[in-house]
Structure formats: structure tokens, C-alpha cells
Amino acid sequence: MEGNEGTAQNAEPQVTGENPAEDENEAKPEKMYTQEQVDEMLRKQQSSFEDKLTESEKLARMSAKEKSEYEASQREKAVEEREKAVARRELKQTAAETLKEKGLDAELAAILDYTDADSVSKSIKAVEKSFNAAVERAVKGKLKASGGIPGMGGKAPAASGVEAAFYKLNPRLKK
């Protein structure tokens, strides 16, 4: 029995399927990169590193006054970017409400120009005009296909008894 135990300990572990994560890792080959891809990744990282290094070198060479002015301008830029983002969100909200008020689908907001309030207004008007024209073309097409009278399938309405009697007395007025 001892000989059997020794061989069992020396045997390589078998995949039993008890741990699927291990089985998946063994089955998936590692992703291979070409030399060009590796070179490109290294260039990008080096460029990013050099930009950061240049920024810190600039700051190191600046006087205290220049550094504070530079940092103030960076903060100002960040604030401006945040203000633009807030204004854009507000314009999107207003545009969605305006589209809803006009009976247009709110999904149309995705195609609007959010440069400024005037651009949003102009693009809403253009979308509304285009949408209404498309609806009108579709309705005219349906009317043409049905003969011109909705729900009648192209048949003219039957004359009422009063109308028939009127035209019988006045045949010249009949259409």
C-alpha cells in the first residue's frame, strides 16, 4: 500500500472540473502582440510620461509668483470646463422638455446642436420642421393608398335620405 501512496503523490494533478476558473485560465491562450503593437504602446506611454515630466520641470523652474499664476489659470480652466458641462446638461434638459411640449420624441434630443441656447433652438425648429414634413408625407401616402377618405377604403359615403331627396328635387345642384 505504501508504494501506491508514493505514486499517487508524484502523479500530476488532474483537472476535475471542480474549479471552473482554473480550467478556463488553462484553456485560454495568452494574447500575443506584434512588435509594432508593442512599439506603439511604448511610444504612447513614453509620450505621456514626457508630458508629465515637462509639466513638472516647468513648475520647478517657475518662481513662486509664476507658479501661483499658472496654478490659478489651471484652476480657472477647470472651472470653465465644469461650467460648460453644467450648461450643456441644462440645455439638454430644456431641449428634452421643449421636444416633449411640441409632441416630438425625446430621443430626437440626441441629434441637436448644444453649442449654445440659440443653436439648440434652431436645431429644435429644424427637427420639428423635418419631422412634421415626414409625417405629412406619410399621411398623404396613406390617404392616396386608401382613396382619400380615411376608414372608407376609397368608397364615397352613401347619401343620406334627406340628401338624396334634395338632389332629386334639384338635380342641377348634384355634384
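What follows is a walk through the structure, from the chain as a whole to one pair of helices.

This is a predicted model, in which local features need pLDDT of at least 70 and side-chain atom pairs count only at pLDDT 80 or more, while totals for chains, interfaces and linings use all residues. Residues are numbered from 1 along each chain as its sequence is written, and side-chain values use heavy atoms, with hydrogens and water left out.

The chain has six helices and zero strands, where helices (H or I, at least four residues) and strands (E, at least two) are DSSP runs numbered from the N terminus. Of its 175 residues, 9% are buried, a term that stands for under 20% relative accessible area with a 1.4 Å probe, counting protein chains only. Contacts (heavy atoms within 4.5 Å) between residues at least 6 apart in sequence join residues at least 24 apart in 22% of cases.

Helix 4 (residues 64-101) and helix 5 (residues 117-146) have axes that come within 11 Å and cross at roughly 25°, the axes being lines fitted to C-alpha atoms over the stretch in contact, with angles from 0 to 180 degrees between N-to-C directions. The two helices are therefore roughly parallel to each other, a label for angles under 35 degrees. Where they meet, L91, A95, T98 and L99 in helix 4 touch A117, V120 and I124 in helix 5. By class, this contact has six nonpolar residues, one polar and no charged ones, with Ala, Val, Leu, Ile, Met, Phe, Trp, Tyr, Cys and Pro counted as nonpolar, Asp, Glu, Lys and Arg as charged, and the others, Gly among them, as polar.

How values were computed. Buried means under 20% relative accessible area, exposed over 50%, partly exposed in between (1.4 Å probe, protein chains only). Angles under 35 degrees count as roughly parallel, over 145 as roughly antiparallel, 65 to 115 as roughly perpendicular and the rest as oblique.
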